[in-house]
Amino acid sequence: MLFTALSSDCVPPRVCGKLTQSLVGHSIPFHIFFFTRFFSVHPTMNPTCLLDIVEIRLLVAKYLVRTDWTVCALVCKDWNSTFSPFLYAKVYVALCRVLVHDPLFNPPIDSVIRNKDFVKSFEFDGGLSLGYSAMVSAMVFPSLTILSMSFPSSRRNPDVADMILRNPTLTHLSLERVAVPDSIANSSVRLWRAVAELPHLESLRVSRQRIGSSIDEVYAFWDACARPKTLSLSLISYEYHRCPTARRVRGSYMLTAISSRAFSQTQELSILQCRFSLFLQTLLIKKCQRLKTLKWMPLSEVYGTRTPLKLVFSSVLSERQQEQRLASSTSSELLPTDLDLSQTMDLEEAYASVIRACSGMPVEELVVADLEFGTSSIGALEEHLPTLRHVDLGGCSGVTSPLVLHFLKSCPRLENFAAHQLCSVDILCDGDDEVWACERTLRRLRVHIDVGDVGGDTGPNELILKRLGRLQALELLDVVKQPHQLLKFQLSEGLWRLGGLKRLRVLSIRDCALSLEDVEWMVKHWPLLQCMDGPPVLDEQAEGYLRRRGIGVVADEVNT
């Protein structure tokens with residue numbers, strides 16, 4: 001048995017127990033467990049540890065964690081050669097008081113040099129010691145693909161450009177507050193030119209970086225940004241000039257640099273709180289003709305309080321459509337103040353401008369949570385409504401109830417929808433003859449429905465349920481966060497109007513008292529119901545009935 005094989009003297013008890021636990025756990029593949037369980041060495045035969053077989057150790061190592069790799073690598077030279085590739089695949093160096101003495105995060109220099117062939121990911125966080133700085137400048141990692149660096153101070157920092165040039169295998173590069181050495185002439189220009197020369201670069205992330213005002217550095221920076229498929233620019237700033245003329249000249253450099261480069265490979269673009277003009281940001285978006293995902297966040301003095309606007313596009317434009325989009329980005333409409341990189345912007349109009357920059361590109365997904373997102377932004381989205389499938393406006397209180405209803409009426413492909421509030425007056429003002437475009441496609445609906453008195457013989461609660469009952473493909477209905485009057489799901493209030501929701505799986509309601517008769521009707525007419533969230537108010541009989549039917553109830557306590 002495996003436990004006999006693991007009793008070899010060469011295996012420490014701690015490692016033996018950990019490996020045994022990993023093998024018999026749920027995550028180990030069946031064929032490995034079967035082999036080690038039934039093809040172990042018999043106790044009467046010459047004892048041989050199964051973990052002496054390299055293939056077995058390699059399979060087991062995939063299911064261990066870093067602390068286990070460290071212990072296993074100390075057993076013997078044979079085990080060290082097996083577990084070192086896992087242990088040194090990702091090296092993390094941090095100049096932090098908590099981690100500076102932790103060998104898992106700051107391995108000795110000699111061990112990194114000895115195992116450099118195994119390093120695939122190298123991350124530097126903070127300044128380096130003299131030893132590490134010299135090592136980094138001269139080191140060549142044959143398998144290195146991911147490099148992340150953060151050097152807030154130029155003192156003792158390595159020549160980052162030289163390191164990048166020595167490792168042409170890089171595919172993912174992250175630079176955050178990289179202060180280049182002052183002793184090297186044109187070090188910033190050399191850095192961006194080195195990034196632009198990487199032949200296999202797929203992802204570039206630049207954060208909290210200050211770009212100089214020289215034309216060479218501006219051009220080199222955008223040369224580097226035009227290469228990868230994934231480009232993320234966060235908190236990019238420029239050297240400040242008090243003179244407005246100097247700022248406009250620098251802006252003209254930016255305009256020329258972006259306009260003259262083809263971002264033909266960029267598929268994912270993130271522009272988060274960058275300090276260059278809105279016009280230049282929208283121009284950059286228009287230049288990315290193969291764009292699939294866009295994340296954009298406006299410049300704000302308070303960082304971390306906003307979430308980015310996210311747009312996902314459903315297809316790539318043809319050459320003719322690309323030419324039309326580029327023609328619309330001509331600088332003939334450019335105002336002189338648009339080149340001022342320090343100018344402020346109205347956030348509502350900024351959102352609308354970014355969306356208009358995506359004109360001609362079919363938007364499939366929209367996610368935004370900002371109080372400034374409102375009427376103008378929705379107006380810019382008008383041409384994209386026929387292609388929208390996923391919309392999340394849950395954090396946009398500026399999107400009023402009529403605008404929410406406009407989405408439901410105008411999006412024929414809509415599948416997932418979340419919004420802040422929907423009032424009964426707006427739902428019922430058009431009457432029963434009004435058709436929502438998403439009635440046959442909407443699968444998940446999260447919205448705060450406010451029930452009010454609209455007059456008439458039939459109560460508003462029943463009329464709203466009747467409207468919701470026409471959403472035949474609905475699988476999730478969430479009306480938990482209701483600000484005022486609650487929507488009631490009771491037979492006496494028109495629950496029977498929801499009989500057409502045959503695909504409903506999850507219902508989230510709050511403070512709605514449900515009787516045994518109500519839940520029996522739900523189980524009968526909603527055969528796929530799996531969970532009731534909110535929580536609803538259930539008596540003992542109703543909750544017991546749901547439990548026996550295998551329907552989960554998320555509630556703090558049983559209300560009798």
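## Second largest pocket

A pocket here is an open set of points on a 1 Å grid over the protein atoms alone, with protein on both sides within 12 Å along at least five of seven lines. Its volume is the space filled by probe spheres set on the points.

In this predicted model, the second largest pocket has a volume of about 360 Å³. It is lined by 21 residues, and the closest to its centre are Arg208, Gln209, Arg210, Ile211 and Ser237. Lining residues have an atom within 4 Å of a point. Helix H10 (187-196), strand E6 (210-211) and strand E8 (237-238) each give two or more residues to the lining. H10 gives the most, with 3 residues. Helices (H or I, at least four residues) and strands (E, at least two) are DSSP runs, numbered from the N terminus.

## Helix H21

Ala542, Glu543, Tyr545 and Leu546 are the buried residues of helix H21 (residues 540-548). They lie on the same side of H21, because they cover an arc of only 160 degrees around the axis. The arc is taken from the directions from the helix axis to the C-beta atoms. Glu540, Gln541 and Arg548, on the other side, are exposed. Buried means under 20% relative accessible area and exposed over 50% (1.4 Å probe, protein chains only).

Just after H21, Gly550 takes a positive phi of about 80 degrees.

## Whole chain and basis

The protein chain has 21 helices and 23 strands. Of its 560 residues, 49% are buried.

Residues are numbered from 1 along each chain as its sequence is written. Local features need pLDDT of at least 70, side-chain atom pairs count only at pLDDT 80 or more, and totals for chains, interfaces and linings use all residues, while side-chain values use heavy atoms, with hydrogens and water left out.

How values were computed: On a 1 Å grid over the protein atoms alone, a cavity is a set of points where a 1.4 Å probe fits but cannot get out, and a pocket is an open set with protein on both sides within 12 Å along at least five of seven lines; lining residues have an atom within 4 Å of a point.
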